[in-house]
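Visitor: Please pick one part of this model and take me through it closely. After that, I would like to see the chain around it.

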Amino acid sequence: MILIGSLGMGFRYRNEFTGRIQALRMLRTILVLLEGEVRYGRDTLAECCGHISVRMKGDCKSAFALVAERMRQNSGENFESIFRDCVEPVLKSMPLKPEDREEFFRFMGSYGCADSSLQLRLLEQSREQLETKAGELAAGNNERCRMAVSLGCMGGLLIILVLW
Amino acid sequence: MENSILQLFPAQRRRFWTEIAGRQKDIREIRLRVNRPIMINCTGKEFYVNSEGNPTHNPDEARSIGGGELEELLEHICHYSLYAYEEELRQGFLTVAGGHRIGVAGQAVMSEGGDIRTIRNIRFLNIRVAHEVKGAADRLLPSVYDDGDLLNTLIISPPGCGKTTLLRDLVRQVSNGNPYGRGMTVGVADERSEIAGAYGGEPQNDVGIRTDVLDNCPKEKAMMLLLRSMSPEVIAIDELGKPGELEALRSAAACGCRILATAHGNGVEDLDTRFGRGSYKSLFHRIVLLDKKKGAGCIREVLRGGVGSAQGSGKLYDPDWKFGNGIPVSK
């Protein structure tokens, strides 16, 4: 039981490492889609959210659709508060760190850019940061995953030996 | 439509604007200038707004608007995506839901070619409230039809006399059909979104059931595009101003399209100066002159083929007026 439990812990950490990389890549994909909508459609950020929700799955799809819907209702709330309100709970359910989420939200800081190239640059900056982070994590991920499982296994054996 | 003025403002300012927005029917313009009193133009009369959001005629009680508040308002109007309205800002106005137009002024940023690249430090906003007057063209209809055939018509007037309002209703009635003619397919080349007041491509004003609108596209190109793609029976444009546009209209007429157009001016003399004496007169069968002498929106005269004398006038929009009494057309 102890061995299975500790092995489970090891696998959990392994999944967390891999999951964070996958989640970062998903955020990158979202930013790429937003860039495309801004660059070629000249759509507002709310319209972009509506358009990209069609191409997404699961909780993200409904969260982005909700952003578009709430902006359409025009209750007077600003985009940033609506976006955070709808998207942050979904991001919190992913194996992301707070700094990853803030990096993703950074593009909203200057939605007042009157110039589309400036707005695009902001999106690109956030995307590049997330890409770099995902790249760094992916580089040592195999070793980390193996280590997590091995440590779990050895930790379990150690506890068994101590209890023996 | 009812709250479309209130919806222009962010949530934290809506309480202040509720009273003013409630007068949407009568409001013509809301003028916002940084560190200057908020001014409202209501059916030709001007008043200020006090700190409670109520109208006042006392300038000492008038509330001013700060730079931050104006920027916040602009961001809200642009859905927090100013970049998406780059082209509109370059032209100096935005069209918003409800068909209202927001004029902007500040510091122009010029490109190397000498064109306006964008406007920054926007410090002046003019919210022009859209007003549709259904029935505005009732009185004119008998004059622009000849035995069921629509005639090429040019409406000339100085600014603020209701020429766009008249054209919009004319388009609607021509498109839907009216007692003088069947419904016709109308193509509207709406460069400044003034006729249809399109927002997100969707007309906010009723321009009729057989009307196709090409919004935000230069008129010359829009007319050719509409001709090729939508095969309209009638082409409508607002503010005919360049010789190229006149040529495009001529091409459209040569393709068998009927023309409805407006132009700025006090009379045919102004257009003679702009386009050359009589160069446009061969194109139009009816020239409608408007003025403000009897209040905004009055038809001064209707000329046949552009040659004639002053005859027949009447209020453009007259709720008591009945079909059958057209304005006499001058010879």
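Guide: Two strands pair if DSSP finds at least two bridges between them. Strands (E, at least two residues) and helices (H or I, at least four) are DSSP runs, numbered from the N terminus. What you see is a predicted model, in which local features need pLDDT of at least 70 and side-chain atom pairs count only at pLDDT 80 or more, while totals for chains, interfaces and linings use all residues. Residues are numbered from 1 along each chain as its sequence is written, and chains are lettered from A and ligands numbered from 1 in the order in which they are written.

Let's settle on strand β11 of chain B, residues 186–190. Five of its five residues are buried (20 or more other C-beta atoms within 10 Å of their own, with C-beta atoms placed from the backbone; exposed is 12 or fewer, partly exposed in between). The strand is therefore largely enclosed by the rest of the structure.

In a regular strand the side chains alternate between the two faces of the sheet. Here both faces of β11(B) are covered: B:V186, B:V188 and B:D190 are buried on one side, and B:G187 and B:A189 are buried on the other.

Now for its partners. With strand β12 (residues 211–215) of chain B, β11(B) runs parallel, joined by five bridges; there, B:G187 has B:D212 as its bridge partner. With strand β13 (residues 234–237) of chain B, β11(B) also pairs in the parallel sense, over four bridges, and B:V188 stands opposite B:A236.

Stepping back to the whole chain, chain B has eight helices and 18 strands. Its radius of gyration (over C-alpha atoms) is 21 Å, close to the 20 Å from the globule rule (2.2 Å times the number of residues to the power 0.38) for 331 residues, so chain B is as compact as a globular protein of that length. Along the principal axes, its C-alpha atoms fill a box of roughly 60 × 50 × 35 Å, and 43% of the 331 residues count as buried.

Contacts (C-beta atoms, placed from the backbone, within 7 Å) also span the sequence: among those in chain B between residues at least 6 apart, 59% join residues at least 24 apart.

Finally, the domain assignment, from an automatic or database source, gives domain 1 (6–128) and domain 2 (141–330) in chain B. The centres of these domains, taken over C-alpha atoms, are separated by 30 Å, and their contact takes five residues from domain 1 and six residues from domain 2 of chain B.

Technical notes:
Two residues are in contact if their C-beta atoms, placed from the backbone, lie within 7 Å.
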